[in-house]
Amino acid sequence: MALTRTNAFIIQSKRFRETSLFIIYYTLNFGKINAIAKGVIGTKKPPLFHLFPSYVELFLYRKESALSLVSSSDLLDPFPKLHQDLKKLSYSLYILELLKETIKENEKNSSLFWLLLKTFKLLEEAEEPNLIELVLVAFQLKFLKVLGYGPFLNNCVSCQEKIEKNLPSLRLSAKAGGVLCRRCSRDAGESLSIGYPLVALMNYLLDLKFSLLPRLKVPVNLRKELIKYVNYFRTYHLPVSQKSLELLKSIEENA
Ligand SMILES: [Zn+2]
């Protein structure tokens, strides 16, 4: 087994037997992996294995079919401001739960990796509560997109009619994967009525460079709708456990 290196986020770590840790990483080179760090508890090594989220350079002996073995881990960014602010920390933990529950192991996705890094950095720097909320919702949209779930918003997902400002009675269907025109939504089953401004905002966010997000001003009503619609779409494609939902609910109640 050869020693290999990769950059990684610590998704979760917990004690394993007497002195070891079981750690779930999201890595640049291998996607999500499970690993063991042996003999790290009770030594004088810095406790960086415990913290999540954090960003590390990882050296490990990798086994695809079993637990990989951590050789060493150097902290690249501990995201201190995420750990100092309860709201930011809750949002970060929610993102980590999403990864833990919805991403398959050993599937490399570098777009997702860089999206995570940008999201955590932006959450760190965000000062206004509104912006923190916007980062989470934009992350979820982009997360759905990099996993191939859409939402597809430029054209009606059924008949391909271009979605434009003057089209009446648009609906968002998670099952169909995006927006439906009035004609096509008749047989669509469960879907949500959606106004053009929200379709346009979602479309804009899907392609927006994350670094530009702090400049975006979204009216309160539209932001609340955005959160609701993105949650609806995400829940359909990436259902998460009760624990994660409770976490999200407590975040929203405290928002
Ligand atoms: Zn249509």
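Analyst: Here is a short tour, topic by topic.

User: What kind of model is it, and which cut-offs apply?
Analyst: The model is predicted: local features need pLDDT of at least 70, side-chain atom pairs count only at pLDDT 80 or more, and totals for chains, interfaces and linings use all residues. Residues are numbered from 1 along each chain as its sequence is written.

User: Start with the barrel. In what order do the strands close?
Analyst: The order is E1-E2-E3-E5-E4, five strands with mixed pairing. From one strand to the next, the twist averages 50 degrees. Strands (E, at least two residues) and helices (H or I, at least four) are DSSP runs, numbered from the N terminus. Two strands pair if DSSP finds at least two bridges between them.

User: How many bridges do E1 and E2 share?
Analyst: Eight, in the antiparallel sense. E1 covers residues 3–16 and E2 covers residues 20–27. Alanine 8 has threonine 27 in E2 as its bridge partner.

User: Which helix lies across E1, E2 and E3?
Analyst: Helix H2, residues 86–102. H2 runs at about 105 degrees to E1. Axes are lines fitted to C-alpha atoms, for helices over the stretch in contact, and angles run from 0 to 180 degrees between N-to-C directions.

User: Where is phenylalanine 59?
Analyst: In strand E4, residues 55–61.

User: What does phenylalanine 59 touch?
Analyst: Leu3, Arg5, Ser71 and Ser72, leaving aside neighbours within four places in sequence. Contact means C-beta atoms, placed from the backbone, within 7 Å.

User: Why does phenylalanine 59 count as partly exposed?
Analyst: Because 14 other C-beta atoms lie within 10 Å of phenylalanine 59. A residue is buried with 20 or more other C-beta atoms within 10 Å of its own, exposed with 12 or fewer, and partly exposed in between; these C-beta atoms are placed from the backbone.

User: New topic: H7. Which of its residues are buried?
Analyst: Leu226, Tyr229, Val230, Phe233 and Arg234. Down the axis of H7 they fall within an arc of 130 degrees, so they line one face of the helix. The arc is that of the directions from the helix axis to the C-beta atoms. The face turned away carries exposed Val220 and Asn221.

User: What covers the buried residues of H7?
Analyst: The cover includes helix H4 (129–146), strand E6 (171–173), strand E8 (192–193) and helix H6 (196–207).

User: How do the axes of H6 and H7 cross?
Analyst: At roughly 70 degrees, coming within 10 Å. That makes H6 roughly perpendicular to H7, a label for 65 to 115 degrees; under 35 is roughly parallel, over 145 roughly antiparallel and the rest oblique. H6 contributes Pro197, Leu198, Leu201 and Met202 to the contact, and H7 contributes Leu222, Glu225, Leu226 and Tyr229.

User: What about phi at arginine 17 and glutamine 160?
Analyst: Arginine 17 has a positive phi of about 55 degrees, though not a glycine. For glutamine 160, also not glycine, phi is near 70 degrees. Most residues other than glycine have a negative phi, and most peptide bonds are trans.

User: Is arginine 17 buried or exposed?
Analyst: Exposed, with 11 other C-beta atoms within 10 Å. Arginine 17 sits in the loop between E1 and E2.

Notes
Contact = placed C-beta atoms within 7 Å.
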